[in-house]
Amino acid sequence: MITIKSTHELKIMQKAGQISQAALLAAGDLVAPGVTTRELDEAARKVIRKAGAKPAFLGYGGFPAAICCSINDEVIHGIPGRRKIKEGDIVSIDVGAVYEGYYGDNAATFGAGNISEEARKLIDVTRQSFYEGIKFARKGQRISDISHAVAAYCESRGYGVVREYVGHGIGTKMHEEPEVPNFGAPGHGPRLTPGMTIAIEPMITAGGWQVKVLPDGWTVKTADGSLAAHFEHTIVITEGEPIILTSVGG
């Protein structure tokens, strides 16, 4: 069931979103050669807890950390640890916070030192594909209108769009209805209604869209070893322009 949030609920979700964004930026600011992925996790936890919130991912389905930290050909769900970031790596960080029972969720990909032109273009296209999708996050449109816009933008530029993992509704649960794919024909799925809150999260590759899960049961990598990038915001559908809830500035 898709839940429509009240004005009061949206205020709480905006706070959860702002905390999530602050945690993402804190971790992202640390991305540099020689830094461990655990240090990124610790930075995000500190921000979340200082704000009176809880890390949304920690313990979720058994996940052992506050952030997902995925490097180079890792798409999502990488587990932070002792691994040191290297010069030229691209690091996708996904983080969420729970505040007064409501979730915020966001992600972005950061470069460590001097990254390749290929990597930079992939990051830029992935980020922009979110903004292409959000153009259709309007009252009366359908979920797949967002999906189609993301895929059309990326695929027309030669990039792969991951199909096995998708965006989602969000609220008092991390994952609510509806699913928000990053691919598909327009004109399908639930119609967008003011008060709907969704997380749009393009997961884009420099090669094919196929992925595989590593033996740790979490980390998802591209099947062909190509680079991957991830970008995500939590938004709310309104009577007019959609609002990004995972924004420090509100």
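A crossing of two helices is called right-handed if the near helix is turned clockwise from the far one by less than a right angle, and left-handed if it is turned anticlockwise. The legends below refer to a predicted model.

**View 1. The crossing of helix 3 and helix 4 is right-handed.** Two packed helices are described by the angle between their axes and the distance between the axes. Here helix 3, formed by residues 117–134, packs against helix 4, formed by residues 143–155, at an angle of about 145°, and their axes lie 8 Å apart.

**View 2. Residues of helix 3 meet residues of helix 4.** On the side of helix 3, the contact is made by Val125, Gln128, Ser129, Glu132 and Gly133, and these residues meet Ile146, Ala149, Val150, Tyr153 and Cys154 of helix 4. Sorted by class, the residues in this contact comprise 6 nonpolar, 3 polar and 1 charged.

**View 3. The protein as a whole contains 4 helices and 15 strands.** Its radius of gyration is 17 Å, close to the 18 Å given by the globule rule for 250 residues, and the protein is therefore as compact as a globular protein of that length. The C-alpha trace spans about 45 × 45 × 30 Å along its principal axes.

**View 4. Interior, surface and contacts along the sequence.** Of the 250 residues in the protein, 53% are buried, while the protein exposes about 10500 Å², of which 51% is supplied by carbon and sulfur atoms. Among the contacts between residues at least 6 apart in sequence, 71% join residues at least 24 apart.

Conventions
Residues are numbered from 1 along each chain as its sequence is written. This is a predicted model: local features need pLDDT of at least 70, side-chain atom pairs count only at pLDDT 80 or more; totals for chains, interfaces and linings use all residues. Side-chain values use heavy atoms; hydrogens and water are left out. Axes are lines fitted to C-alpha atoms, for helices over the stretch in contact, and angles run from 0 to 180 degrees between N-to-C directions. Helices (H or I, at least four residues) and strands (E, at least two) are DSSP runs, numbered from the N terminus. Contact means heavy atoms within 4.5 Å. Ala, Val, Leu, Ile, Met, Phe, Trp, Tyr, Cys and Pro count as nonpolar, Asp, Glu, Lys and Arg as charged, and the others, Gly among them, as polar. The radius of gyration is taken over C-alpha atoms; the globule rule is 2.2 Å times the number of residues to the power 0.38. Buried means under 20% relative accessible area, exposed over 50%, partly exposed in between (1.4 Å probe, protein chains only). Accessible areas come from the Shrake-Rupley method with a 1.4 Å probe; for residues, only the protein chains shown count as cover.
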